[in-house]
Amino acid sequence: MLIVQKYGGTSVGSIERMRNVAARCLATARQGHQVAVVVSAMSGETNRLLELASELQEDPNDREVDVIVSTGEQVSVGLVALAIRAAGGKARSFLGHQCKIVTDSSFSRARIVSIDSQPIREALAAGEIAVIAGFQGVDENGSITTLGRGGSDTTGVAIAAALSADVCEIYTDVDGVFTTDPNLVPTARKIDRISYEEMLELASLGAKVLQIRSVELGMKYGVKIHVRSSLHAISEDVPGTWVVPEEAAMEKVTVSGITVVKDEAKITIADLPDTSGVAARLFAPLADANISVDMIVQNQAFDGTTDLTFTVPKGDRKRACEILKAQIPDLVGSAGERIAFDDEIAKVSVVGVGMRSHAGIAKTTFQLLAAEGINIQLISTSEIKISCVIARKYAELAVQCLHEGFALSQPPGERPGG
């Protein structure tokens, strides 16, 4: 088999942990597999480098900032390759430009365009473990680029796709993907298998285990992803969570997980003209400013006017209000007097592919929240997700009551109706 392993910053956070990574890679290779390993910078290193850059340059999307922060992975690949050699193996390190991970030119948030897998294949054919820098690439002009937070996950899955690997193992400091955050609900269960679609929803809704673009890539190219912990002894071989194409058995599980996001804000604009083109005028300047709008609810028109409510990242709320006041004063009032906002909200979501074929999940969700006296401010749904905006002070309570109400602490086959 050809196996790609990816190790995050915690897993390579010290020389001792790098020796552990080397031992894992060699143990896999000694089982007769070819191994390519993608590594992040040592934990805390990217933040340290960004802080250095910020003393001279406030814009993190600058070409030179990517030059600086990419050095974290350069250190890691060299050290991990040395650790593999010191343990008796053969290894060769690759930076982004050496295995030609070509990206666009969006510094600090670049997207992968193509990968030249030939140098890696040559190393594998020579019996070497290929140690590849995550998070970084090079644009068509030869400039170093980085892929954004969690970008090493994306590198790992992209390398697996380019090599047609049998599996991409994402090693982290948790045992896998859980039904919800175990810090909020101690009885949260590890999910054995989850579909790409469910994982995409969980990743976009606040689950921090996998970077969303890595899941998109896995889904697009059919890469099987195995999320597992690097903190167990190698001899234990503890299985994690498999992220795979949807299977028939998954549809029997109505709800797979509960997520919560606390870093959004709600903006309401009252008494808007109930005419065509108003929404386009409102959201166009926000899109031009790269402000992502999430949930949107428009109230029924009354007397020729309507109210429109939407959510944005909390860090963008102030800027969004200022843009609306400045660019469309005829719609929001010259002083923005028709704009109201609320920073103290949370978005709690229920996710599961089984919702497609099981009625009543929304009803149960609303009843469970109502039983705890939690008022729902906004609702958004898709085929496999129900999201509710609530007061932030009820976030933990909402997660706990939904997790208990859908019996997620029990194995799927033992849940009521499961």
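These legends describe close-up views of a predicted model. Residues are numbered from 1 along each chain as its sequence is written, and side-chain values use heavy atoms, with hydrogens and water left out. In this predicted model, local features need pLDDT of at least 70 and side-chain atom pairs count only at pLDDT 80 or more, while totals for chains, interfaces and linings use all residues.

**View A. The eight-stranded open sheet.** Its strand order is β3-β6-β2-β1-β9-β11-β12-β10, with mixed pairing. Strands (E, at least two residues) and helices (H or I, at least four) are DSSP runs, numbered from the N terminus. Two strands pair if DSSP finds at least two bridges between them. β3 (91–94) and β10 (193–195) are the edge strands, each pairing on one side only. On average, neighbouring strands are turned by 20° against each other, direction ignored. Axes are lines fitted to C-alpha atoms, for helices over the stretch in contact, and angles run from 0 to 180 degrees between N-to-C directions.

**View B. Strands β9 and β11, with helices on the sheet.** β9 (residues 167–172) and β11 (residues 225–229) run parallel, joined by five bridges. I170 stands opposite V227 in β11. Helix α1 (residues 15–30) packs on the sheet and touches β1 (2–7), β2 (34–39), β6 (129–133), β9 and β11. Contact means heavy atoms within 4.5 Å. The direction of α1 makes about 170° with that of β1. Helix α7 (residues 196–204) also packs on the sheet, touching β10 and β12 (241–244). Its direction makes about 85° with that of β10.

**View C. Cysteines C25 and C168.** A disulfide is a pair of cysteine sulfur atoms within 2.5 Å. The count by this rule is zero. The closest cysteine sulfur to that of C25 is in C168, 12 Å away, so it is too far for a bond. C168 is likewise in no disulfide. C25 is buried, at 0% relative accessible area. C168 also counts as buried, at 0%. Buried means under 20% relative accessible area, exposed over 50%, partly exposed in between (1.4 Å probe, protein chains only).

**View D. Helix α13.** In α13 (residues 395–405), the buried residues are A395, A398, V399, C401, L402 and H403. They pack against β13 (257–261), β18 (345–351), α12 (361–371) and β20 (385–391). A407 follows the helix, with a positive phi near 55°.

**View E. The surroundings of S108.** S108 lies in the loop between β4 (101–103) and β5 (112–115). It is buried, at 18% relative accessibility. Leaving aside residues up to four places away in sequence, S108 touches P60, N61, D66, T146, L147 and G148.
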